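Please read this briefing alongside the structure shown below. It takes the chain as a whole and then turns to a single residue.

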Amino acid sequence: MKQSNRAPRSQQRGLSFISLVLVAALIVSTMVVTAQVVPTGIEYVAAKKAIERAKAGSTVLEVQQIFDRAAAIDDISSISGKDLDIRKVGDKVVVGFAYTREIHLVGPAYLVMKYSAQTN
């Protein structure tokens, strides 16, 4: 009798072709969604920095103009100076915003992200 060098089938480890395809599809779909979500997060951080700069204005129009200049530099397209919530609390100017971003996934499915921020 000749002995085989191969291990019995029950002891073999690894992924089947179907499992490999499913894992690859999961990884690719996760990367695609991440590639769409990351720019919205970067834009949100830029908008937060822009309202921090804009709170230095003393009038509503001035705050809006400062924000719009910062938005043009940082490529903020989701909101503009007119969308800001500007009010005075004591002697400080408080600037805030809130907006929603939707990312189409597949068919009727969307990923909805709600962003909001306010200065102190």
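The protein chain has two helices and three strands, in the order α-α-β-β-β along the sequence; helices (H or I, at least four residues) and strands (E, at least two) are DSSP runs numbered from the N terminus. The radius of gyration, taken over C-alpha atoms, is 25 Å, well over the 14 Å that the globule rule gives for 120 residues, so the chain is more spread out than a compact globule; that rule is 2.2 Å times the number of residues to the power 0.38.

This is a predicted model, in which local features need pLDDT of at least 70, side-chain atom pairs count only at pLDDT 80 or more, and totals for chains, interfaces and linings use all residues. Residues are numbered from 1 along each chain as its sequence is written, and side-chain values use heavy atoms, with hydrogens and water left out.

**Overall extent and burial**
- Along its principal axes, the C-alpha trace of the protein chain spans about 95 × 30 × 25 Å.
- Of the 120 residues, 26% count as buried, where buried means under 20% relative accessible area, exposed over 50% and partly exposed in between, with a 1.4 Å probe and protein chains only.

**Glu102**
- Glu102 lies in strand 2, which covers residues 92–106, and counts as exposed because its relative accessibility is 54%.
- Leaving aside neighbours within four places in sequence, Glu102 is in contact with Tyr110, Leu111 and Val112, contact meaning heavy atoms within 4.5 Å.
- Glu102 and Ala70 are 32 residues apart in sequence, and their C-alpha atoms are 23 Å apart in space.
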